[in-house]
Structure formats: structure tokens, C-alpha cells
Amino acid sequence: MQVVTLIRNDEDTRLHFERSDKSVNVLDEKCISQLEAHLDALETAPPALLVLESGMPGSFIAGADLEMIAGVTEQAAATAMAGRGQALCRRIERLPSLSIAMVHGACMGGGLELALACDYIVAVDDKKTMLGLPEIKIGIHPGFGGCVRLPKRVGWVKAVEMILSGSVLDVNRAYRAGLAALTARPEQCDDAIGYLAKRGKVKSRPFAPWWLRLWPARELFFRQVEKKAMARFKHLDIEAAYPAVPATIALLKAIIGMSDAPALAREAESLGRLAVTPTCKNLIRVFYLGEALKKQAAVKRGRDAVATMQKAAVYGAGVMGGGIAWVASQSMDVDLHEVAAEPLGRGMKGIARLAMRKKGRADSKRLARIRPVLDESGLSDVDVVIEAVLEDIRVKRRLWASLGKHVRKDTLLLSNTSSLSISDMQHRRANAGRIAGLHFFNPAPKMPLVEVVAGEKTTPETVDKVCALAVSWGKYPIIVAESPGFLVNRCLMPYMVAALKLVASGEKIGHVDGALKCFGMPMGALELADRVGLDICMHVGTHLSEVLSAAGQRFAMPEWFARMVADGLLGEKSGKGFFIYEEGKQGDLNPDLARYLPLAGLHEHEGDADLGSEKTPMEQAAVVDGCLIPMLVEALACLGEQVVDDPVQLDAAFVYGIGFPPFRGGLLRYFAGRDVEALKQSIAAAGLPVPEKMDLLGDFR
């Protein structure tokens, strides 16, 4: 199968990338070997003008094949793989031909490195045209020469930022940064080639400015780079968790002033070390988990129907409703409904804050798509309604009954409920087949996962549409059974309850939350409870205890926690919970906690107030196990009850729904590395039932 074609014309010669076996162009063995053969021919008879182009809509070259990287297990083999890619780019760079990369669609990783080997890059004006080096997100850095060539093209400050963040640039930003020499509409491509042909071949670009070659300036520059990069990982052992970050900084610092050959050799050697780390393998796995959710069968079946949807209505302008409205506004007009002007005004102010971009610029076009509404106007032409109203089944039933009089017969009716029954909402509703759950996680604009829940009467077509709709909004949908707490919240509650028990036993709050953050969780369990809302945690825990009576002790909130909620300590929303909050920022521990935690005494520890007895603190690993093992038990119970069918999707749910550390690969992947018998003993010692599905952990090693 030909995936790279060499086309010689009178005016120019083209390297045409197009595949029928994949949805995007990738640099895999087939593509690389064909490209090497074509370069043999080009070096024998070099043309005056060489153009690299793609015949695939939306994709120039999406990068190197991740399966190649995932499959390499030896450092020497990984280094050789990088060297082979570098050699390709060097051969293009050394051709006497004037070379132009016509970038139309995604140009990522190795694809951009190939384009950087050309004299010029033309970015074709299309919303799908994006250029970047996102390798850091899979635990490596560019390895086909990107660390050497990108600084020459955009300067060191921009190059270091792009490489360490993995950020991508659209057409206009690529041009402003100097990455693209020109931008052109599709019909202007030939004119752009003609214009650049008159410029002629580019002479060698300087690798580094004089000031950066000076030792003091270089040290100061990279000290600031390191400080900024490490700030995101302040609780982690960065060398163990994300070794690519310090390794990339060290590489970039080392190659300043080097000529290309030794700099490329250092790049390949460094990549070879990183590509075989557990972090790299786990991050690639996590990437595939997300891709699998986006490409699942339900999404494919519902895609065409969703493509015609243009308008959504969101009921409830609170934090969640406003966030959902903002998510939907990226592709639809949105009516945001409330019952009174005051909460609607607060909701619109919250959305305006979401609309603010860096440097104070607002996304005014997207903001203009959201219309505040206090009546039933505009419902006749909505394609989807999403409710984020009070978590009360009676309120939600009344809403669906009312909407039935105003919306079309094909309008999707979706509930953001976190625990209530979709089937109960469908009771005696003529529109029951179009009612489903679409559960977002807070904050909705940031959290990638959504749970899709079908009630007894929800049609399969509705489920397909909801999944496709979620993907169109940039979310990862996971289909879960209509079961109390669904999947994520059900598994999250035992985790929180375990943390509460540790604190009640005398462990310091800072120690418990700190251990979890050092493990890699985005926040500690107690802070998470504050952010969710202690009243919400109480409601969900009580509900799960009642409906899952056999496992009620795993969800039951302690009496002292109930008193906190009764006294109005609700977490971030009330300004006080386990911590004090001002304008959404977490402050010190709440000194009022001494009234609720009988074993706690307020004292100073390393300069910060903390709560806990003077007992010897548990080892961090024991704290982590104490919180995560109950979560594991519940997750395996959910698999046994078929709340979710696929254990791989369960791992995806924890990474994308609660922020389980991606570098650990997922909850099941993490525990798969443990001795099963010892793990069973730990579960029994915690007073928990040993799940029947324990053996499947072996599949994740």
C-alpha cells in the first residue's frame, strides 16, 4: 500500500502523504520506509522545488505512530528510532531543492519536525490546522530534531514554552510566532508556493542569540524556566512522576551553542532514556483510553444526527449550569434559563469570567452565543435541553412535564443528576425515550469525563446521540448503568469516607491530603470534599447508604461530619469547611474544626496550623492505601454489577473524571503491580469484602 507518493510535475515535485488504512497520516514503519525510498530518488535527481502536502482532510501529519513508541522496551532501540527520524529530516534539510511544507490540518510531533526541516511552512487557513510538539504529554520530548530546529524558527523563549507545555498553535498564532512563513486560504496555496519560490532557499538560521550563549544569561533564563515548570508539580517527586520535564530542561540547556550534529545526538540519547520509562508507557495508555472513548461505537452511530444540532437550552444558572452552558457554546447557541433575575445575573457573571482569556481578552463571540432567559421563550427550536436544577426528583419531574409542551418531538432531554434515577424522571412521560442522563463533573469546562445514563425507557438512538454530542463538546463519554451514584461518585465516596476516618482517628488533615497529593491526586480528599460541597457529600453518602444497604458502611458519613453540615460549614460555597476560602482560594485550616473532631487539637506544624493528635503519623504509603483500597473495592464491585462493562473504560473514568494520576496509568493499572494475595489481605484488614473480580487485575500488568 502506497502511503507516500512522489509526484514530479513541470513546476514542482510533491511528496504526497495520504493513507486509506488510517484516519490520519502518521509516521509509522510503512510511511518512514517509503519516505526513505523517495529521498533516495530525490537525492539522485533533486528538483528545484519540493512541496510536502497531505491528501487527507484535517490531517497533515499527526506525528509518529504511538504504537512504535509504546512497543519499544530497550533504550538503545528507542535512541535508534529517534536517530532514524532525525536522519529523515536531515536529508530533507540538506536537499539543494527549495522545500515547502503545505500544512493543512493537524501537524503534530514528528509531523511538525518534518515540516521544520523544510525551508518554509505555509499554514492553510482552516480551524483544523494546528501545529505543535505535544510529546511532553506522553512522557518524552521531541526526538526527530524538534528541540534543535524549533528554537531556530520561533526563538528560544517561545520554543521552550511550546516544548515544555506541549501547546499547539492555530494558523494565526503560528504565523505571529514565526513558525509559519505564510498563511493562505485553500484556494491560495499555489500563489503562496509561487511567492515563496521567488524568495529562494533559506540560508542557515542562527541556533541561539548571543545573549543566551553567555553563561549568566543562560543560567538565569533556565532558572526561571525550571521554576515555572516545577510549580505545576510542587507535591510530586518529579523525577519519578514526570521525568521528561527535568530531562527536557536539561537537554535544552545543554545544546545551546552546540552545532547540529552533537545537539541531535544528545536529543536522541535523551529520548531513548525517556521512551522506556513507566511514565511514558502509562501516559500513552491514558491517551489511548481517551481516544477509545471518543471513537466508541455509540459516538460513530450518533455523529450524523448531532452534526445538524444548532441550539441548546440549559436550565439552572448555578456553577454547574453556567459551566455546562459555556461548554455547549463552543458549537451551539445556548439559552440559559433561570426562575429569577438575581441567580441568572450571577450565572452570567460566572460565564463572563470563563470567557476571559489570558492577557484580559474575552471570547466575545462565544459569550454572545449565550442568551439569558427568564421565561419559556426560544424552546420551540432547541435541539437539546440540559437541566442542572435542584437535586430533587420532584423538581426535575415537573421540569420535564412542563417542557413537553414547548419543545419539538425530537429534542433531547438530558439531566445532569449525580445520583437520582433517570427512570423515575421518565415516569408517566410521553417523551420518556428522549430523557437520559448526561452527568458532568465540576468544574464542567475543565473536567473531560461525562457519564451517559439510560433510564428504562431511554432509546438506544438517544444514547448514541448523547455520546456523540459529548464528543462534539470535547468530552469523553462513558456509558454507565442506571445504578445509585452511577460509577465515579459511587467509587469516590468510599475514598472520602476513608479519609474522614483517618482524620477522626487522629491523623492530621494536612498529612492526609498531603500524602494523596504527593501520590499525584490533583487535590487531597478533604479539600475535594470542600470543593464539591460538604452538603452534597452528605446527601450522596446518605443516599448511597440507604439504597446500597448491604454496603452502607462504605458510604456512611460520620456523625461529626453531619454536625458540620447542619451548622452551615459547607466548604468552598460557604467560605468554611475543612479549610477557609476567600474568593475561591483555599486558605488555612478552619479553626472551628476543633468542635467536631474529638481527637483533634489545634497546633502548629512547620509554620502552618494543622489539626490532629500528637500520635505518630502514618506512613504516606499507608495513608494512600487507606484511601485508595476502598475505592478499588468499590470499582471492582461496579464491574461485577456491570455498572460499566469494560474495565479499561473504568480506568479511563478515574483518570478523566477524578484526576487519578495519569502517570500511574489508572486505578486498575496501579494496583495490578501489587501482589494479589497481599492486596487481598490489606482489603480484609480494612474490614472490606474481597471482590470477586480481583483476578482481572492481572490483565493490566
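The questions and answers below concern a predicted model.

Reader: How do the axes of H5 and H6 lie relative to each other: parallel, antiparallel, perpendicular or oblique?

Author: The axis of helix H5, residues 146–154, and that of helix H6, residues 156–165, come within 7 Å and cross at roughly 135°. Because angles over 145 degrees are needed for roughly antiparallel and 65 to 115 for roughly perpendicular, this angle makes the arrangement of H5 to H6 oblique.

Reader: How far apart are the end C-alpha atoms of H3, and what span should its 20 residues have?

Author: Helix H3 covers residues 75–94, and at 1.5 Å a residue its 20 residues should span 28 Å. The distance between its end C-alpha atoms agrees with that expectation, because it is also 28 Å.

Reader: Which residues of H3 are buried, and what covers them?

Author: In H3 the buried residues are Ala78, Met81, Ala82, Gly85, Gln86, Leu88, Cys89, Arg90 and Ile92. The elements that cover these buried residues include helix H1 (29–44), strand E3 (49–54), helix H2 (66–71), helix H4 (110–116), H5 and helix H13 (260–275).

Reader: Against which helices do the buried residues of H13 pack?

Author: H13 has 16 residues and reaches 22 Å from its first C-alpha to its last, close to the 22 Å expected at 1.5 Å a residue. Its buried residues are Asp260, Ala263, Leu264, Glu267, Ala268, Ser270, Leu271, Gly272, Leu274 and Ala275. These buried residues of H13 pack against H2, H3, H5, helix H12 (244–255) and helix H14 (278–294).

Reader: Are H22 and H27 roughly parallel or roughly antiparallel to each other?

Author: The axes of H22 and helix H27, residues 620–640, come within 8 Å and cross at roughly 155°, and the crossing is right-handed. The contact includes Arg490, Tyr495 and Leu502 of H22, and Val623, Met631 and Glu634 among those of H27. By class it has 15 nonpolar, one polar and two charged residues. Because an angle over 145 degrees counts as such, H22 and H27 are roughly antiparallel.

Reader: Is Phe486 buried or exposed?

Author: Most residues other than glycine have a negative phi. Phe486, however, has a positive phi, near 55°, and is placed in the loop between strand E18 (476–480) and helix H22 (488–504). Because its relative accessibility is 1%, Phe486 counts as buried.

Reader: Is Arg428 buried or exposed?

Author: Arg428 has a positive phi near 60° and lies in the loop between helix H20 (422–426) and E16. Because its relative accessibility is 71%, Arg428 counts as exposed.

Reader: Which residues does a cis peptide bond join, and where does Pro443 lie?

Author: Pro443 lies in the loop between strand E16 (435–440) and strand E17 (449–454). With omega at about 0°, the cis peptide bond joins Asn442 and Pro443.

Reader: Which residues does Ala515 touch, leaving aside those up to four places away in sequence?

Author: Ala515 is in helix H23, residues 509–519, and at 1% relative accessibility it counts as buried. The C-alpha atoms of Ala515 and Leu236 are separated by 10.0 Å, although these residues are 279 residues apart along the chain. Beyond its sequence neighbours up to four places away, Ala515 touches Gln620, Val623 and Val624.

Notes. Residues are numbered from 1 along each chain as its sequence is written. This is a predicted model: local features need pLDDT of at least 70, side-chain atom pairs count only at pLDDT 80 or more; totals for chains, interfaces and linings use all residues. Side-chain values use heavy atoms; hydrogens and water are left out. Axes are lines fitted to C-alpha atoms, for helices over the stretch in contact, and angles run from 0 to 180 degrees between N-to-C directions. Helices (H or I, at least four residues) and strands (E, at least two) are DSSP runs, numbered from the N terminus. Angles under 35 degrees count as roughly parallel, over 145 as roughly antiparallel, 65 to 115 as roughly perpendicular and the rest as oblique. The expected span of a helix is 1.5 Å times one less than its number of residues. Buried means under 20% relative accessible area, exposed over 50%, partly exposed in between (1.4 Å probe, protein chains only). Contact means heavy atoms within 4.5 Å. A crossing is left-handed if the near helix is turned anticlockwise from the far one by less than a right angle, and right-handed if clockwise. Ala, Val, Leu, Ile, Met, Phe, Trp, Tyr, Cys and Pro count as nonpolar, Asp, Glu, Lys and Arg as charged, and the others, Gly among them, as polar.
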